[in-house]
Structure formats: C-alpha cells, structure tokens
Amino acid sequence: MSGQKARVEVEICGDKFTIKGDESPEHIEMVANYVDRKVKQLVNINPKLTTTNAAILAAINIADELSKLQADYDNLLEMMDTLDADAEKK
C-alpha cells in the first residue's frame, strides 16, 4: 500500500473487529477468515470451549503450523545452499 494503513471490519467467531494494517484489505480479510475457521473448528469439536479458550487453542495451533513451516523453509534454504556449493565445486 502507499503508506496508508488499511482499515478492515472482520468477524471472528461472531465478534466484530476493526483491523488496521499495512497489507491489502483482501489479505487482512483472508487472514481473519483463516483464524475464524480455526476457532470454529475447535468449537465444533468441543462445544463446551469458551470463545477465549478456543481462540487461545487456535493461536497455539497456528503458531505450531508456522513453526513447522519455518523449519521446512530453513531446511529448503540449507538444501539450496548445499546445491549451490556443490555446483560451484564443479
């Protein structure tokens, strides 16, 4: 964006939030929808969960996904560095 923050109204688990950010409104909505789906999945599995507990569990699950993706990314970078080093030796 051109220095101006996007301001987007989103709904997560029935609650409305105004999100301000540097990303496009479409990106902010996509992320909010992802979080909403994760929270709703947990509530569907265990309807006794409070919204707060479901949100915390969703955050832990999303952080776990991120951590695994970061490890995969780091491994790919390492593999690329190894391939580059092998190619330079030839």
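Helices are DSSP runs of H or I of at least four residues, numbered from the N terminus. The exercises below concern a predicted model.

**Exercise 1. Classify Asp-36 as buried or exposed, and identify the residue with which Asp-36 forms a salt bridge.**

Solution. 
1. The relative accessibility of Asp-36 is 10%. Buried means under 20%, so Asp-36 counts as buried.
2. The salt-bridge partner of Asp-36 is Lys-40, with 3.1 Å between the closest N and O atoms.
3. Lys-40 is partly exposed, at a relative accessible area of 40%.
4. Both residues belong to helix 1, where a spacing of four residues places them about one helical turn apart.

**Exercise 2. Describe the surroundings of Lys-38, leaving aside its neighbours within four places in sequence.**

Solution. 
1. Lys-38 is located in helix 1, which covers residues 25-45.
2. Its relative accessibility is 17%, and Lys-38 therefore counts as buried.
3. With those neighbours left aside, Lys-38 is in contact with Ala-58, Ile-62 and Glu-65.
4. The side chains of Lys-38 and Glu-65 form a salt bridge, at 2.7 Å from N to O.
5. This pair links distant parts of the chain, as Lys-38 is in helix 1 and Glu-65 is in helix 2, 27 residues apart.
6. Glu-65 is partly exposed, at a relative accessible area of 27%.

**Exercise 3. State which residues make up the largest nonpolar core, and which element gives the largest share.**

Solution. 
1. The largest nonpolar core has six residues: Ala-6, Val-8, Val-10, Ile-12, Ile-28 and Ala-32.
2. Strand 1 (6-12) and helix 1 are the elements that each give two or more residues to this core.
3. Strand 1 provides the largest share, four residues.
4. A second, separate core has five residues, among them Val-39, Leu-42, Ala-54 and Ala-58.

**Exercise 4. Name the residues that make the nonpolar surface patch of about 260 Å².**

Solution. 
1. The patch is made by Ile-56, Leu-57 and Ile-60.
2. Ile-60 lies in helix 2, which spans residues 51-89.

Technical notes. Residues numbered from 1 in each chain as written. Predicted model: local features only at pLDDT ≥ 70, side-chain atom pairs only at ≥ 80, totals over all residues. Heavy atoms only, no water. Patch = residues over 30% accessible without salt bridge, like charges linked within 9 Å, V, L, I, M, F, W, Y side chains within 5 Å. Areas by Shrake-Rupley, 256 points an atom, 1.4 Å probe, with all protein chains shown as cover. Salt bridge = Lys/Arg side-chain N within 4 Å of Asp/Glu carboxyl O. Buried < 20%, exposed > 50% of the residue type's maximum accessible area, 1.4 Å probe, protein only. Contact = heavy atoms within 4.5 Å. Core = buried A, V, L, I, M, F, W, Y, C linked by side-chain atoms within 4.5 Å.
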